[in-house]
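Let's take a look at a pocket and one of the residues beside it. Here is the model to keep open while you read.

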Amino acid sequence: MGISDRSAAPPTDTRAGAARRPALLRRWPSLLGLAVATATLAAGADREGLSITVAVAALCYLGAAALGRPWVAWAGVGGGGMVVAASELAGAPWWAGVGVVAALLVVAGLAGGVPRAPLAAQAAALLGYGGLAVTAVLVDPRVGLVLAGLALAGHGIWDAVHYRRAAVVPRSLAEFCMLLDAPLGVGFLVLAAVAGPPQ
């Protein structure tokens, strides 16, 4: 066996690594979700940040259902952030802007004749998760952190249901949100139990 024979067949480790890379790339939504959750935990976001995250997540799902286009959910990530920023610039609470946009989306969905069941389910989810999010910013900080953490972790379950069913939103968005919401919500529940809310 010469040197050329040995160099012709790459080592098993290299082949295995090459085979794993595409699988990791296919899991980019999970990796991105975990990265954002980790960065948020490291930065020490507060109950208001968590509350905004869960409200915007629910708004993304409602937008996709109301317009009958799953890709709208990805656009809603940035759009929801702009709604929050515009509300605060206008001197209104962020949740008021989210509520107004949610109402407009429901009206648009009804007028556009989208299927009623998904629209009703996403509107109810926004009311439930959004209601917890708003309550979280109005109560005692430690209780609020627990409520926001519960709402976000609960939305992670909502994400998992939609991922499994491949319904309403793209699976990539459901996967991203699942790996953002659940770890972040649980992380802040642990933080509330151990150290109390961030100052």
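The largest pocket holds about 180 Å³ of space. This is a predicted model, where local features need pLDDT of at least 70 and side-chain atom pairs count only at pLDDT 80 or more, while totals for chains, interfaces and linings use all residues. Residues are numbered from 1 along each chain as its sequence is written, and side-chain values use heavy atoms, leaving out hydrogens and water.

**The pocket**
- A pocket is an open set of points on a 1 Å grid over the protein atoms alone, where a 1.4 Å probe fits, with protein on both sides within 12 Å along at least five of seven lines; lining residues have an atom within 4 Å of a point.
- Its volume is the space filled by probe spheres set on the points, which are joined across faces, edges and corners.
- Helices α4 (47-67), α5 (72-89) and α9 each give at least two lining residues; a helix here is a DSSP run (H or I) of at least four residues, numbered from the N terminus.
- The largest share of the lining, five residues, comes from α4.
- Among the lining residues are Phe176, Leu180 and Asp181.

**Asp181**
- You'll find Asp181 in α9 (residues 171-194).
- Asp181 is buried, meaning under 20% relative accessible area with a 1.4 Å probe, protein chains only.
- Its side chain makes a polar contact of 2.9 Å with that of His155 (N or O atoms within 3.5 Å, one able to donate a hydrogen and the other to accept it).

**The whole chain**
- The chain has nine helices and zero strands.
- Of its 199 residues, 37% count as buried.

Conventions. Buried means under 20% relative accessible area, exposed over 50%, partly exposed in between (1.4 Å probe, protein chains only). Lys and Arg count as positive and Asp and Glu as negative; His and the chain ends are not counted. A salt bridge is a side-chain nitrogen of Lys or Arg within 4 Å of a carboxyl oxygen of Asp or Glu.
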